[in-house]
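The sequence and structure are shown first, and the account follows.

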Amino acid sequence: MEKAKVTMRNWKPYVYDGEYNLSGTADVHPRLGRNVYVATTSTLVKASLEEDVLIYETRNTVYHCPLKYMMVSPYGNVVQKYREELARLDTSENALDRIIAAAAKMSLGEPEDTADEMVRKIRALQETGQQEIAQMEEQEKQRLLEIAGKYEDCVYIEVSSVHSGSKLVYHLGDAVGIVNPGVHIGMFQDSVLYMKYATEEDPCALDFRYFPRGFGDVMETYSWSDNIKQAVIKNQKGHSLIFNHEEIAPGETKVFTPDTHKQGLFSPDCYNGKSLLTVGEEDGEKED
């Protein structure tokens, strides 16, 4: 079977103890969906540099990584000693090693007039690449806002990742915009949060949260602010997902209302600032 081909943006390669990895944003990934961040790819099979494009092939996918789309500031969370070690790969005959060395040198502040040919090449291409990325991101933003604009008082999510969340687009009254997900790591259960606070300049606020349940793609909301009358969910994954106990097939869009959402937890614990107390007749006065 032919491997899927994916174009990457804002990507960076790295190597640790001889094992290579690649991260970045995939345009359309066959399993993960559209414009999704790939934190780490599967095991590298082979790599080559063809016409200023790194071809990075894993067991299941061929990633096309144009040098012009490489991350401008790579290795920001890598200690300087290790970046210096990576920079010494510039003498390798392997094109991937030389790209990694160039990225390390750029992160170390290599001067503009560097003798490193790969660094000069990447920097010369990146100005155009960053302009193209900005244009693509603006087009994607307008596409999402246009879709959300078709529904009144809604939030719209094209689900590519359940556990880390995908962008939320809102159309509440006359207000439109995009909220990026936040992830709360809990002791027993993680949750994905979309929160926007009102300001004097922008009075629109929203609160929308869900639990990514179990090992499958299950989304169960536990907070849904009153101004949201509809949640429009499109499944961008290659398999079905469950939203509030209802299945959504790959590529399908479904509309949910607050009726499908149950607030709070039936437990003695207080969660999300709310708790539930049931008083029986034995605990209180019986009405006549």
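Helix 3 lies across strand 7 (154-159), strand 8 and strand 9, running at about 130° to strand 7. Axes here are lines fitted to C-alpha atoms, for helices over the stretch in contact, and angles run from 0 to 180 degrees between N-to-C directions. Contact means heavy atoms within 4.5 Å. Helices (H or I, at least four residues) and strands (E, at least two) are DSSP runs, numbered from the N terminus.

The model is predicted, and local features need pLDDT of at least 70, side-chain atom pairs count only at pLDDT 80 or more, while totals for chains, interfaces and linings use all residues. Residues are numbered from 1 along each chain as its sequence is written, and side-chain values use heavy atoms, with hydrogens and water left out.

The chain has three helices and 17 strands. Five of the strands form an open sheet with mixed pairing, in the order 9-8-7-14-17; two strands pair if DSSP finds at least two bridges between them. Strand 9 and strand 17 (253-256) are the edges, each pairing on one side only. Neighbouring strands of this sheet are turned by 15° against each other on average, direction ignored.

Strand 8 (residues 168-172) and strand 9 run antiparallel and are joined by five bridges. Within this pair, Tyr 170 has Gly 177 in strand 9 as its bridge partner. Strand 9 (residues 175-179) also contains Ala 175. Not counting residues up to four places away in sequence, Ala 175 touches Tyr 170 and Cys 204. Ala 175 and Cys 204 are 29 residues apart in sequence, with 6.7 Å between their C-alpha atoms.

| Strand pair | Direction | Bridges | Residues between the strands |
|---|---|---|---|
| Strand 1 and strand 2 | antiparallel | seven bridges | two residues |
| Strand 2 and strand 3 | antiparallel | five bridges | three residues |

Strand 1 and strand 2 form a hairpin, and Asp 17 in its turn has a positive phi of about 50°. The bridge partner of Tyr 16 is Glu 19 in strand 2, and Arg 9 stands opposite Thr 25 in strand 2. A hairpin also joins strand 2 to strand 3, where Ala 26 stands opposite Val 36 in strand 3.

Which part of strand 2 is buried? Buried means under 20% relative accessible area, exposed over 50%, partly exposed in between (1.4 Å probe, protein chains only). Eight of the 11 residues of strand 2 are buried, so this strand is largely enclosed by the rest of the structure.

## Cores and a buried lysine

In soluble globular proteins, nonpolar side chains tend to be buried together. A nonpolar core is a set of buried Ala, Val, Leu, Ile, Met, Phe, Trp, Tyr and Cys residues joined through side-chain atoms within 4.5 Å. The largest nonpolar core has 32 residues, and Met 8 and Trp 11 have the most contacts inside it. Elements that each supply at least two residues of this core include strand 1 (4-16), strand 2 (19-29), helix 2 (95-107) and helix 3 (117-148). Helix 2 gives the most, with seven residues.

Not counting residues up to four places away in sequence, Trp 11 touches several residues, among them Leu 22, Leu 54, Cys 65, Met 70 and Ile 99. A second, separate core of 23 residues includes Tyr 170, Leu 172, Val 179 and Phe 243.

Lys 12 is found in strand 1.

Over the chain of 288 residues, 41% count as buried. Among contacts between residues at least 6 apart in sequence, 45% join residues at least 24 apart.
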